[in-house]
Amino acid sequence: MEKLRKNKSLTIRNKIEELNHVVAFLEALEEEWEISPAHVASINLVLEEALTNIIFYAFEKDVESEILIDLTMEGSLMTIVITDEGRPYDPTQKNDPDINLSAEDRPIGGLGIFLIKQIMDEISYERIGSKNEFTMVKKW
Amino acid sequence: MKVSNKSNDEGILLAVEGRVDTTNYNEFENAVNEVLSDDVKEIYLDCSELSYISSSGLRIFLTVQKKMMARAGKFKLFSMQPAIKEIFDISGFSSIFSIYPDLETAKQN
């Protein structure tokens, strides 16, 4: 039997407060796609981490741009693709933090991409023309 | 996100409710800093109503922990929801924070 493929997307501006739209979007999706609250929380987290990076670092100050978030659910396979037009940045190349360090030695920050890697099964990056395309896949 | 101050004669007790994320982590930091005067040696944080945390929230937890350790103080977290505990686990934060099942246990240790 062919698995049902569902798709939904959201476009936000490169502003931190737009993350609230992402939360609302996921709340609606939770109901519509009947995703468990725990999975929605994980999706929320990886999206926030990826989007925060883009919003904070991909653009010159005061440059307004749009970021596209595309979610596809096929059976228990969730694919999230984030596309932005910021400077080239490959999150998959970021070094993992050393999580065995003591509190004194742990640097503040640097956890965002690491959390994504821990939660998702696969991440990949592609620069396509003037766009960054970051893909995250999870099978539940 | 809401932080309430439930401190009494026995010590500093805060409770954090809702989401601590990139849109509000600075409010969380300010609320904690408000009670973090130089003479405070122990802070208890009720995490029972903390429903979501991202790396932006985690960095405030780490900042507070560093401050408390620098003054040989203690930052004790308790009643954390399993989903939040999982984020602490995968970040390696569970081993650098004191996390207790409830306030009573936190006080005894």
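Predicted model: local features only at pLDDT ≥ 70, side-chain atom pairs only at ≥ 80, totals over all residues.
Residues are numbered from 1 along each chain as its sequence is written, chains are lettered from A in the order in which they are written, and side-chain values use heavy atoms, without hydrogens and water.

**The interface**
- Contact (heavy atoms within 4.5 Å) links 27 residues of chain A with 22 residues of chain B.
- About 1900 Å² is buried between the two chains, 64% of it from carbon and sulfur atoms; buried area is the accessible area (1.4 Å probe) that two parts lose on being put together, summed over both.
- On the chain A side, A:E48, A:A103 and A:I108 lose the most area to chain B, together 29% of what that side buries.
- Helix 2 of chain A gives the most to the side that touches chain B, with seven residues; helices are DSSP runs (H or I, at least four residues), and strands are runs of E, at least two.

**The sheet of chain B**
- Five strands form an open sheet in the order 1-2-3-4-5, with mixed pairing; strands pair if DSSP finds at least two bridges between them.
- The edge strands are strand 1 (2-5) and strand 5 (98-100) of chain B.
- Strand 2 (residues 12-20) and strand 3 (residues 42-53) of chain B run parallel, joined by eight bridges.
- Helix 2 of chain A packs on this sheet, touching strand 2 and strand 3 of chain B.

Technical notes
Axes fitted to C-alpha atoms, helices over the stretch in contact; angles between N-to-C directions.
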